[in-house]
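The sequence and the structure come first.

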Amino acid sequence: MTSRVAEVLHDDEIPIDAGLVRALVDRATPHYVDLPVRRLGSSGSTNALFRLGENLLVRLPRQPGGSAAIAKEAKWLPVLGPSLPVGVPEVVAVFEPDCDYPEHWSVVRWIDGEHPEVVTPKSPVDPRRADLAVDLAKVVNALGLAEVPSEAASDPALQWYRGEPLATMDAVTRQNIGRCRALNDFGYDLDAAERLWDEAMRLPGAKDRPAPRWYHGDLTAENLLVRDGRLAAVLDFGGLSVGDPAVDLAVAWEVLDPPAREIFRRKLGVDDATWLRGRAWALSLTFMIWYYWATMPQRRTRSIAVGRNVLADADYFG
């Protein structure tokens, strides 16, 4: 069993290694004492991830306060999961802080699959992405059609900035553009990106607050699993919230080539302004990569690809 410490991504990172996970598991669930613990080769920025045997996954928040997302997922996934057309994490149990680890943590069922390929403007068109586009549209549509109970609509834990009107992102987006300018060889034309963001701030509905609907909030390649080209599962519902679901459209500029992107849009039936707000969300989120620029090179590569795809889609990319 390795005891490697999860890579440090945050100033307030909680130290987590396989030894801690082993101790937590053994104290909380003695019937899992014989199952090996091993850290996944790639963990997310919110949770450290460890395989427990062959069929389970341990998720531990990396930062103080991460218990809230663990609790939210455990509460609402059983409600929403049955309405979604693909697999979602099955939360086996949520456990109390222990062994000097200060947050709640969870064990979920392991789901087999691979993350979809991230496209670039030079990626050849792949007809299999049409199937992925259809599957993604079914997920987004299912979330949008799911009832938002009054308890959810009034729950502060289900309010997140990614469900706010696009215009509320203006100040932080411009601040992040400035941070990206300070990086060496950023990877795409920030002047063009800023002009496109200026246009987005003038889009119809950019300042409007529509009726709240469910949205995933982090529908990215990192949180998708495919098998044989079809979407098998959507992972990590820690960002699940209610609000404007336009942010979930951003996935189109990450994993879909232009023909597949058009299929996704057609299946969703969104109007031009909504579609372009989703594209603006995709662009804005790429600027956040300055925070992980040195610590998450794979995410950096994916973010740059998304930025290039957005600029190409807007005819801003040479």
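Aspartate 26 is partly exposed, with 27% relative accessible area; partly exposed lies between buried, under 20%, and exposed, over 50% (1.4 Å probe, protein chains only). The model is a predicted one, in which local features need pLDDT of at least 70 and side-chain atom pairs count only at pLDDT 80 or more, while totals for chains, interfaces and linings use all residues. Residues are numbered from 1 along each chain as its sequence is written, and side-chain values use heavy atoms, with hydrogens and water left out.

**Helix 1**

Aspartate 26 forms a salt bridge with arginine 22, at 3.0 Å from N to O. The term salt bridge stands for a side-chain nitrogen of Lys or Arg within 4 Å of a carboxyl oxygen of Asp or Glu. Because arginine 22 and aspartate 26 are four residues apart in helix 1 (residues 18-28), about one helical turn separates them. Helices (H or I, at least four residues) and strands (E, at least two) are DSSP runs, numbered from the N terminus. Arginine 22 counts as buried, at 14% relative accessibility.

Ala18, Leu20, Val21, Arg22, Leu24 and Val25 are buried in helix 1. The buried residues of this helix pack against strand 1 (37-39), strand 2, strand 3 (56-61) and strand 5 (105-109), where contact means heavy atoms within 4.5 Å. At the N-terminal end, aspartate 17 caps helix 1, with a side-chain oxygen 3.1 Å from the backbone nitrogen of glycine 19.

**Arginine 51**

Arginine 51 sits in strand 2 (residues 47-52). With 10% relative accessibility, arginine 51 counts as buried. Its side chain reaches the backbone oxygen of glutamate 54 at 2.8 Å. Leaving aside residues up to four places away in sequence, arginine 51 touches Pro36, Val37, Arg38, Leu40, Leu56, Leu57 and Trp110.

**Salt bridges**

Side chains of opposite charge can pair when their charged atoms come close.

| Aspartate 26 | Arginine 22 | 3.0 Å |

Aspartate 218 lies in the loop between strand 6 (213-215) and strand 7, and arginine 162 in the loop between helix 4 (150-153) and helix 5 (170-181), so the pair ties together parts 56 residues apart in sequence. Aspartate 218 is partly exposed at 27% relative accessible area, whereas arginine 162 counts as buried at 11% relative accessibility.

Aspartate 198 is partly exposed at 27% relative accessible area, and arginine 174 is partly exposed at 30%. A network of salt bridges links Asp170, Arg174, Arg181, Asp191, Glu194 and Asp198.

**Second largest pocket**

The second largest pocket has a volume of about 280 Å³. A pocket is an open set of points on a 1 Å grid over the protein atoms alone, where a 1.4 Å probe fits, with protein on both sides within 12 Å along at least five of seven lines; lining residues have an atom within 4 Å of a point. The lining of this pocket has 13 residues, and Pro116, Glu117, Arg128, Val226 and Gly229 lie nearest its centre. Helix 3 (128-145) and strand 7 (224-227) each supply at least two residues of the lining, and helix 3 gives the most, with three residues.

Conventions. A polar contact is a pair of N or O atoms within 3.5 Å; within protein, one must be able to donate a hydrogen and the other to accept it, and residues adjacent in sequence count only if both atoms are side-chain atoms. Grid points are joined across faces, edges and corners, and a volume is the space filled by probe spheres set on the points.
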